[in-house]
Amino acid sequence: MSESIMGASPRRIDGRLKVTGRAQYAADQHPKDMVFAYGVYSTIASGSIKLLDIEVARRSTGVIEILHHGNFPQAFHTAPVPFSLAGVLTGSRTDEKRLPFEDEVIRYAGQFVALVIADTFEHAREAAYKVKVGYAGGASFANLKQGLKQGAPADGGQGHKRGNPAKAFDDGVQTVDATYTTPVETHNPMEMHATVALWENGKLVVYESTQSVVVHRNTLAQIFGLPTEHVEVRAPFIGSGFGGKLWIWPHSVAACAAAKVVGRPVQLIVPRAQMFTTVGHRPETQQRMRLAADAKGKLVSLRHESLNTTGFGDQYVENCGSMSASLYSCANVEITHGIVQVNRGAPTSMRAPGAAPGLFALESAIDELAEKCRMDPLAFRQLNWAEQNEQEKLPWSGNHLREALAQGAERFGWVKRTPEIGSMRDGHEVIGYGMAQCNWDALRTPAEARVSLKSDGRAVVYCGAQDIGTGTYTVIAQCVSDITGLPLDRIEVELGNSSYPPAPVSGGSWVTASVLPAVAEATRAALTQLKSFAASADGGFATSKADAIKVSNGRLEDGSTSLGFADVLNRLKIASAEGNAHTGMADTAKHAFSSFGAHFVEVRWDPGISRLRVSRVVSAIDVGKIINAKTARNQVEGAIVMAIGMALFESADYDERNAMPVNNNYAEYMVPVHADQPDIDVILLDYPDYNLNEFGARGVGEIGVTGLAAAVANAVYHATGKRVRDLPISLEKLMDGVPIISV
């Protein structure tokens with residue numbers, strides 16, 4: 001395989017469209033006669049609607065209709081079939097099980113209670129403010145602590161047990177028994193959720209900000225009782241999603257129903273405040289870690305018990321122990337998950353679901369145990385490296401974690417770390433060094449693609465995947481270029497339409513590993529057809545056998561004969577050569593697939609002015625073959641920044657008196673800004689994993705966010721002596737009793 005394009009760093013082929021404003025996102029679509037919808041959202045978190053007065057609002061300028069529980073058109077629940085990777089192309093899913101306006105019960109603040117449709121956005125919003133809603137309030141549960149007072153948590157499943165962890169813990173020489181908590185985090189991508197829906201001759205067309213046009217289509221078809229071929233979902237560009245746009249949310253169903261009722265296209269954009277309430281979040285977690293080691297520092301027991309919040313009527317499990325079962329070598333392991341209902345909207349996947357909060361707890365506890373064993377944190381992790389996946393009892397398909405640890409430590413300068421608390425200084429600042437391992441599943445799902453070699457010299461790829469800003473357009477073009485020899489500017493990639501060959505969700509770091517094999521196979525199928533054309537009487541290679549014809553630099557060659565793809569097609573007056581492909585999942589019977597890495601973090605703490613900052617991060621990542629180093633590095637860098645937000649800033653807060661959101665806006669929900677960015681150095685190891693796919697590529701989007709919060713917390717402890725087990729690491733958690741070390 002040529003290294004000239006696979007593994008290179010070409011610019012994004014969609015970049016010019018984005019920087020010139022020509023890329024069209026969901027809210028940019030304006031079909032003829034489009035009208036606008038604006039939601040009315042509940043102002044209590046628990047109770048029921050007793051009064052809905054819409055008369056004043058209905059008389060407001062430009063109002064066409066107001067939908068609510070009493071007049072919402074019929075809709076159906078999706079079939080209760082568990083969503084699986086094997087069925088990703090035919091599956092359907094909603095995280096909030098309740099359909100919009102299904103009843104008059106209020107389960108969370110910000111829930112839809114009515115929808116105003118008007119001729120302009122401004123008129124719809126004005127009328128929505130005039131809708132009067134009377135409520136009968138009920139008991140509310142604002143957080144996990146309050147939720148636990150209702151009773152014992154429900155079993156979330158997804159557990160694992162091997163050996164006898166309780167006895168091994170009791171027999172351990174050094175032990176850690178600590179509880180770690182993480183708050184609610186919200187996705188808040190730059191592009192808010194938006195839907196433009198229209199009905200044409202009984203068919204539903206939807207422009208949606210979604211991470212899966214195929215699953216979105218399947219779900220809408222079930223909700224409105226339609227065959228899937230009567231629904232088309234389009235999402236050529238998405239302003240990121242971080243998992244919040246994986247599945248369908250109430251606004252999309254409401255917009256589609258509104259368009260059906262008024263007989264005109266309807267646009268509905270979720271306001272920023274409701275991005276915190278009605279389109280998912282990472283749930284609050286509480287995790288008890290019990291670890292034990294023998295006299296040599298070898299792990300002998302690992303128990304990871306996690307609880308997470310979920311909405312009433314929903315059963316979302318944040319699989320916090322997903323990485324704990326296999327990241328370290330340990331004979332005695334127990335993983336459990338429990339769920340607790342509270343008055344919040346349904347949680348959903350957020351970048352590295354389960355692993356991000358789970359590795360904060362695990363990697364913090366590992367550091368605590370290393371200290372008790374009087375071992376360097378790096379040396380402790382190296383000692384406890386897992387040669388195989390001990391949960392699945394399978395060899396790793398590829399595990400270069402030891403090299404990631406070594407390269408990261410060397411680049412970072414870990415050898416300069418002195419173990420004593422607060423012993424490293426630079427002027428007024430106390431320096432802390434911390435580290436953690438990172439880990440994420442390497443997955444591959446079924447996918448389909450179609451490639452068309454055109455008579456004008458272009459290659460066009462059609463695939464029902466979507467590019468959420470990660471570079472999918474570009475890596476697909478690289479794949480076709482590698483096989484055909486065509487330059488990137490002669491390759492067009494068509495994504496984000498459910499009418500194209502179906503492809504998986506853009507989430508879970510599985511798109512590249514899943515889609516590239518299908519694109520490659522379809523490209524080769526198109527070339528096979530082209531060669532058969534060429535070997536026909538008038539194709540230019542009449543004396544050649546089709547399988548003897550070679551492909552080089554966008555041309556067919558055999559001996560002294562050389563013709564461009566377009567030359568062959570034009571000789572025969574054929575518009576294109578076509579190739580289709582369907583590829584499946586990886587063989588998980590022989591190998592365990594995972595990606596690995598290590599974060600090294602430097603923090604600086606100025607106790608005189610109570611200033612804490614992450615000043616430097618070095619991350620070494622083992623994610624198989626790097627298809628595009630530029631986009632891959634960008635993914636890891638973005639994940640690191642997101643994880644700094646998790647470590648130091650982000651927390652969606654709820655009033656304990658009534659479960660109302662307190663900071664559902666960008667003024668008070670803190671995220672890292674430019675001034676918070678550290679120096680980031682990403683090392684991509686680039687070891688192909690050919691057991692997963694022919695390119696050796698694994699996903700890269702998720703892994704960078706895992707473990708980083710723990711590395712920050714461990715560095716903070718090294719600088720301050722404060723072991724913060726409850727995220728975020730806010731300044732007030734460091735100020736009380738912090739010793740001021742004289743210069």
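Modeller: The charged end of Arg-303 lies over the ring of Phe-169, 5.2 Å from its centre. A charge sits over a ring if NZ of Lys or CZ of Arg is within 6 Å of the ring centre and within 35 degrees of the ring normal. This is a predicted model: local features need pLDDT of at least 70, side-chain atom pairs count only at pLDDT 80 or more, and totals for chains, interfaces and linings use all residues. Residues are numbered from 1 along each chain as its sequence is written, and side-chain values use heavy atoms, leaving out hydrogens and water.

Biologist: Over the ring of which residue does the charged end of Arg-723 sit?

Modeller: The charged end of Arg-723 is 4.1 Å from the centre of the ring in question. That ring belongs to Tyr-717.

Biologist: What kind of pair do the rings of Tyr-38 and Tyr-129 form?

Modeller: Rings of Phe, Tyr and Trp (its six-membered ring) pair if their centres lie within 6.5 Å; planes under 30 degrees apart count as stacked, over 60 as edge-to-face and the rest as tilted. Here the centres are 6.2 Å apart and the planes at 80°, so the pair is edge-to-face.

Biologist: Is Tyr-129 buried or exposed?

Modeller: Buried means under 20% relative accessible area, exposed over 50%, partly exposed in between (1.4 Å probe, protein chains only). Tyr-129 has 60% relative accessibility, so it counts as exposed.

Biologist: How many residues of helix H6 are buried?

Modeller: Helices (H or I, at least four residues) and strands (E, at least two) are DSSP runs, numbered from the N terminus. H6 covers residues 213-223 and is mostly covered. Of its 11 residues, the buried ones number 10.
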